[in-house]
Every structure is written in structure tokens, then in C-alpha cells.
Amino acid sequence: MYKITPEEYNVFTRYILEISGITLDQGKEYLVETRLGPILDDMSCTTFSELYYKCRSDKTGAVEKRIIDAIATNETYFFRDIAPFELLQHKIIPDLIDKRKALAPPDTPIKIRIWSAAAATGQEVYSITILLKELYLHPDKYNITLIGTDISGQAIARASYGRYNKFEISRGLSAARIKQYFDPDGDGWKIKDELRVMASFQKINLLKPLIGFEKFDIILCRNVAIYFTQKERQRLYNKIADVLVPDGYLLIGSTESLTNETPLFAPHKYLKSIFYQPKQ
Ligand SMILES: C[S@@+](CC[C@H](N)C(=O)[O-])C[C@H]1O[C@@H](n2cnc3c(N)ncnc32)[C@H](O)[C@@H]1O
């Protein structure tokens, strides 16, 4: 394994912060060594300094992309922490439907836009497609847009394809749900087309301006801001406030909180869960 020197570690952590917003504290040298080691091999570098110079001189952005894919922690699973999905199913989506129905002209489909802002390999998004299926929302009556985005092109490609190995599929899904919503695919499982078409995926860096987004009714931004500095987290939540409708809903990770992060959202408690809405 290649060893990273303290100087190289400082240079690399600054570079990773610059390109992805991910903060690596002291003590994560091992993570950088193991995750970037294969890139050193592929690029015939023998030191991290050499790799750094190659990143800086690569005008195609391909090396930067590989570094982001390697460093981004894509850990996720279906129905992660369960409570936010119960909240969506029993409170947020029914409340939204009631509010939108009250305003919509008769016979117009109710429009709901949902964004999973750090979708990783797609489990969060497909958990929502399962939940929507189980709410039996008739497609003639509801026009639901579900978008998953992530900085990692590799993760987004996997999410789009919707194939999971035995380990991934077993995390958070019952045997009945696997059978109902996935097709066997070699030694893994692939999301059924009827659910796959309910979502679309895009590569987006949350640190860059969020341009061209129509506003969303529900945003999930879970387990990603923990990797950012406080300043970046504040900027991110300001941007999220800009793309969320005034009566919309924001869900963050179970270990995250917006207290001390932004004055723009108010917390609301429902059963065991917290959700946030823009302050009026
Ligand atoms: C730990 S996963 C969380 C996945 C999912 N939201 C969940 O809670 O299970 C964090 C994801 O954030 C993505 N990420 C990290 N930095 C990002 C950035 N600057 N912009 C967009 N996504 C980012 C990573 O690629 C990774 O897939």
C-alpha cells in the first residue's frame, strides 16, 4: 500500500475539500491511502505528490472524477432509519395531497416533486418508489416527479441501472418486497421497470449553484452534509431553501440537526421523527 506523508495528506485533503466539499480530518490517512491507492497504480504514480500533480494538470477532469468516486462514502441502504419513510408515507405525502387537492382545479393531476439530494446508489430513491406504489396513487390522478442526484458519477450510473447484489438487497427489504419489486438478475436483483421509470438520476455537486431546478415539495438531504464544513453546510441549506416550496418538507439524516446551521427552517416533530419546513 502507498503511504501518504503528512504534507501530502494536507495537500490532498485541501484538494478533496475544493472539488467535493468533503472534509477529511486528521487521522483519515488510511482511508485516503486505501481508496486512492488503485488510482496511483492505474496512473503509474509512485507517490501521492505525483498523483496530485497529475490531477492538477489534467484538463479533462477525468482524474478529479475518479478521486471523487473513490473518496465519496456511498454507504446507504433501503429504508435507511425507517422513521423518515414512515413519516413520508403516513404524514408528509397525505398532508401534501390534501393541501394540493384543496387548491387544484377538479380533474387536474396533483403534482408532487421529490428530490433525493445525495442519492448515492439509489436505495433511498427506490425506497420512495416502493412507498409510492404502496400508497396506490393512481397515475391519472398524481403527477409525481422523483429525482435522485449525487456528486459521484459512478454511484449515479449504478442508481440509474438499479441492480443490487445479494448483500445490498438484503439491507432494509423484506423477502416479499424483493420478490414484488425486483427481478432476479444473475446473482443479484434489478429493480422492476415499472419502478425504475418513476425516478430519474443526475450528477450534481451540492456545493455548486443549483441552477435550473423547478421547486420541490419534498427534499431529502440525508447523511451528506456531515462531510461538509459548517460554512458549506450553511450555504447548502440556503440553496435548499431556495428550491423548496414555502410549505415544503426537508428531511435530513437521523444524526443531523439544523439547529446552529440555519435560521431558515423550523423543526416539526411527528411521532419519532423530525422534519423541517421553511419558516414563514
Ligand atoms: C453516505 S451517502 C448517503 C446516501 C443516502 N442519502 C442515505 O442517507 O442513505 C452520502 C452521499 O453523498 C454524496 N456526496 C458527497 N459529497 C457530495 C457533494 N458535494 N454533492 C453531492 N453529493 C455528494 C456521496 O457521493 C454519497 O453518495
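Is Cys221 buried or exposed? At 0% relative accessibility, Cys221 counts as buried. The model behind this report is predicted.

## Cysteines

Cys55 is also a buried residue, with a relative accessibility of 5%. For Cys55, the closest cysteine sulfur belongs to Cys45 and lies 8.0 Å away, which is too far for a bond. A disulfide requires two cysteine sulfur atoms within 2.5 Å, and by this rule the model has 0 disulfides.

## Largest pocket

Rolling a probe the size of a water molecule over the atoms shows where empty space is left. The largest pocket found in this model has a volume of about 380 Å³. Its lining consists of 25 residues. Those nearest the centre of this pocket are Thr73, Ala118, Asp150, Asn223 and Val224.

By residue class, the lining of the largest pocket holds 14 nonpolar, 6 polar and 5 charged residues.

## Second largest pocket

The second largest pocket has a volume of about 270 Å³. Leu132, Lys133, Tyr136, Leu137, Pro139, Tyr142, Asn143, Ile144 and Met198 form its lining. Of these lining residues, 7 are nonpolar, 1 is polar and 1 is charged.

Two elements, α6 (123–134) and β2 (142–150), each contribute at least two residues to the lining of the second largest pocket. The largest share comes from β2, with 3 residues.

Terms used. Residues numbered from 1 in each chain as written. Predicted model: local features only at pLDDT ≥ 70, side-chain atom pairs only at ≥ 80, totals over all residues. Heavy atoms only, no water. 1 Å grid on protein atoms, 1.4 Å probe; cavity = no way out; pocket = protein on both sides within 12 Å on 5 of 7 lines; lining within 4 Å. Points joined across faces, edges and corners; volume = space filled by probe spheres on them. Nonpolar A, V, L, I, M, F, W, Y, C, P; charged D, E, K, R; others polar. Helix = DSSP H or I, 4+ residues; strand = E, 2+ residues; numbered from the N terminus. Buried < 20%, exposed > 50% of the residue type's maximum accessible area, 1.4 Å probe, protein only.
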